[in-house]
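The sequence and the structure come first.

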Amino acid sequence: MTHPLRLVVLVSGSGSNLQALIDAAAEPGAPFRVVAVGADRDGTLGLERAVGNGIPTFVCRVPDYTTRADWDEALARLISDAVPDLVVSAGFMKVLGPTVLARHRVINTHPALLPSFPGAHGVRDAMAHGVRVTGCTCHWVDAGVDTGAIIDQRAVRVEDDDTVETLHERIKVLERDMLVEVVRALAADRSWQGA
């Protein structure tokens with residue numbers, strides 16, 4: 001029998017995507033488990049969620065290193081210590097460097113329908129452009145910003161009375177479900193591990 005897929009989840013904020021993975025991993029026979037949670041800053045709710053569920057955590061802050069390359073090397077080492085099969089960037093607001101990406105397969109969720117509206121403000125940018133449909137994307141992480149191969153997407157209609165906040169909340173609901181389904185699928189078909 002194949003062992004459960006070992007996940008390291010990277011967070012910067014509240015960790016709602018992380019919580020969805022923790023909850024799904026707690027189900028009987030779950031095909032994956034969260035073995036560590038990393039953050040780029042101290043005191044995040046995401047780290048608290050991990051600690052509350054008995055999951056080891058680490059913090060790797062960019063300002064603690066002389067260069068971005070040093071930070072990238074340190075983050076890669078901390079991730080490797082947990083021996084993951086897959087790294088999940090779940091609201092992690094830092095661009096991962098070449099060392100992390102050379103050593104680990106990483107997926108990310110983004111609150112827009114890529115390739116449209118990449119970057120840190122996908123929801124705001126989509127609304128500013130006047131789109132009527134936006135959504136979320138799960139993709140493999142590469143050296144670009146939100147440019148990796150798309151794994152899955154979910155659409156959300158933009159309502160006339162939406163604000164960035166209300167739209168983002170509706171996107172997050174689909175984003176959590178999508179992420180769990182993608183990780184389950186990657187745990188079931190591991191052909192990507194040889195890629």
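A residue is called buried under 20% relative accessible area, exposed over 50%, and partly exposed in between, using a 1.4 Å probe and protein chains only. The model is predicted, so local features need pLDDT of at least 70 and side-chain atom pairs count only at pLDDT 80 or more, while totals for chains, interfaces and linings use all residues. Residues are numbered from 1 along each chain as its sequence is written, and side-chain values use heavy atoms, with hydrogens and water left out.

**Backbone geometry and exposure**

Helices (H or I, at least four residues) and strands (E, at least two) are DSSP runs numbered from the N terminus. Val83 is found in the loop between helix H3 (68-81) and S4. Val83 counts as exposed because its relative accessibility is 53%. Although Val83 is not a glycine, its phi is positive, at about 50°. Asp146 also is not a glycine and has a positive phi, of about 60°; its place is the loop between S6 and strand S7 (150-157). In the loop between S5 and H5 is Pro115, and the peptide bond from Leu114 to Pro115 is cis, with omega near 10°.

| Residue | Relative accessibility | Class |
|---|---|---|
| Val83 | 53% | exposed |
| Leu96 | 8% | buried |
| His110 | 3% | buried |
| Gly130 | 46% | partly exposed |
| Asp146 | 15% | buried |

**Surroundings of His110**

His110 lies in strand S5 (residues 106-110). A polar contact is a pair of N or O atoms within 3.5 Å; within protein, one must be able to donate a hydrogen and the other to accept it, and residues adjacent in sequence count only if both atoms are side-chain atoms. The His110 side chain makes such a contact with the side chain of Asp146, at 3.2 Å. A polar atom of the His110 side chain also lies 2.7 Å from the backbone oxygen of Phe117. Contact in general means heavy atoms within 4.5 Å. Leaving out residues up to four places away in sequence, His110 touches residues including Pro118, Cys136, Thr137 and Glu175.

Leu96 is in the loop between strand S4 (86-89) and helix H4 (98-103). Apart from neighbours within four places in sequence, Leu96 is in contact with Leu10, Leu75, Leu101, Val106 and Val141. Gly130 is in the loop between H5 and strand S6 (133-140), and its C-alpha atom is separated by 8.9 Å from that of Val158.

**Helix packing**

Axes are lines fitted to C-alpha atoms, for helices over the stretch in contact, and angles run from 0 to 180 degrees between N-to-C directions. Angles under 35 degrees count as roughly parallel, over 145 as roughly antiparallel, 65 to 115 as roughly perpendicular and the rest as oblique. The axes of H1 (residues 16-25) and H2 (residues 45-52) come within 9 Å and cross at roughly 20°, which means that H1 is roughly parallel to H2. Ser16, Leu18, Gln19 and Ile22 of H1 meet Gly46, Arg49 and Ala50 of H2.

Helix H5 (residues 122-129) packs against helix H6 (residues 164-188) at about 120°, with the axes 10 Å apart, so H5 is oblique to H6. Val123, Arg124 and Met127 of H5 make the contact with Val164, Leu167, His168 and Ile171 of H6.
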